[in-house]
Amino acid sequence: MQSEVDVEMDVQEDGPSLARIPFERFLELVVEMVKSNVKTLAGKVRDNAAEIDRVAAQLTPASGPSAANCAAVYRDDHDLVAWNTNLLTKARDYYGCNAGPGAGVWDYVTDNTLGKHAEMKILDDQAFNEMTGGNFSGVYIGISKPCCLPCAAVMAIAGISTRGRHADKNTNWAFPRYILDSEDRWKRFLGAKATEALAERGLSSTQRSMFRGRLVQQL
Ligand SMILES: [Zn+2]
């Protein structure tokens, strides 16, 4: 008869357990696993440049108050607009977003989360979820410049198309609620390897927030 101890030892022979290495080293390794998964996901984002991208670009002239800013637009019966900047009111007034170029009436997302990119703000927005009925298949979000890597990964998980992605390093990124509020989507963002490593290690809540903080710095 095989004892439980034998079974456990068999598992340990597979290699050095990620559950036992120093926490700092563990963080580094798992962050690398997530980065690799994010890159793979981002490569799957559907890429069909569309007219609505031009509308988004019109909302962020390079000479605007924040050249690094980005606009995202979802067009349905009216336009829903978001910017990266947390100075939403100023941006809206500056760009004169009462009536938009094109369809209907502008609406804008009132999400001031620091580091949350424009397309992530649209994704999290209640009006967007009402406009789409929560079904994102066939949804296209216009953006003034291509998505960054983690945003492209989120779009791939959501099944939303955009004009594609760029490879620039982020200086600032915040997770959308869309990912944080769903265990399933969080795991898809992390990828199977990182999810397994985290489950094996069993992080405390403090360690979990350290891990998340490290991720947003390095994605
Ligand atoms: Zn982004």
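Reader: Is Lys 44 buried, exposed or partly exposed?

Author: A residue counts as buried if 20 or more other C-beta atoms lie within 10 Å of its own, exposed if 12 or fewer, and partly exposed in between, with C-beta atoms placed from the backbone. Lys 44 has 13 other C-beta atoms within 10 Å, so Lys 44 is partly exposed. This is a predicted model, in which local features need pLDDT of at least 70 and side-chain atom pairs count only at pLDDT 80 or more, while totals for chains, interfaces and linings use all residues. Residues are numbered from 1 along each chain as its sequence is written.

Reader: Where is Lys 44 found?

Author: Helices are DSSP runs (H or I, at least four residues), numbered from the N terminus. Lys 44 is in the loop between H2 and helix H3 (51–58). Lys 44 and Ala 156 lie 112 residues apart in sequence, yet 6.1 Å apart in space, C-alpha to C-alpha.

Reader: Ala 156 belongs to H7. Why is helix H7 described as largely enclosed?

Author: Of the 10 residues of H7 (residues 149–158), 9 are buried, so the rest of the structure largely encloses this helix. Among the buried residues are Cys 151, Ala 152, Ala 153 and Ala 156. The buried residues of H7 pack against H2, helix H5 (118–124), helix H8 (177–180) and helix H9 (183–190).

Reader: How is the packing of two helices described?

Author: The description uses the angle between the axes and the distance between them. Axes are lines fitted to C-alpha atoms, for helices over the stretch in contact, and angles run from 0 to 180 degrees between N-to-C directions. H2 (residues 23–42) and H11 (residues 205–218) pack at about 50°, with axes 10 Å apart. H2 is therefore oblique to H11; angles under 35 degrees count as roughly parallel, over 145 as roughly antiparallel, 65 to 115 as roughly perpendicular and the rest as oblique.

Reader: How does H2 pack with H10?

Author: H2 and H10 (residues 192–201) pack at an angle of about 155°, with their axes 8 Å apart. The two helices are therefore roughly antiparallel. Residues are in contact if their C-beta atoms, placed from the backbone, lie within 7 Å. Phe 26, Val 30, Met 33, Val 34 and Asn 37 of H2 make the contact with Lys 193, Ala 194, Ala 197, Leu 198 and Arg 201 of H10.

Reader: Which residues does Ile 122 contact, leaving aside its neighbours within four places in sequence?

Author: Ile 122 is in contact with Ala 72, Tyr 74, Leu 80, Ala 82, Val 109, Phe 128 and Ile 141.

Note on methods:
Two residues are in contact if their C-beta atoms, placed from the backbone, lie within 7 Å.
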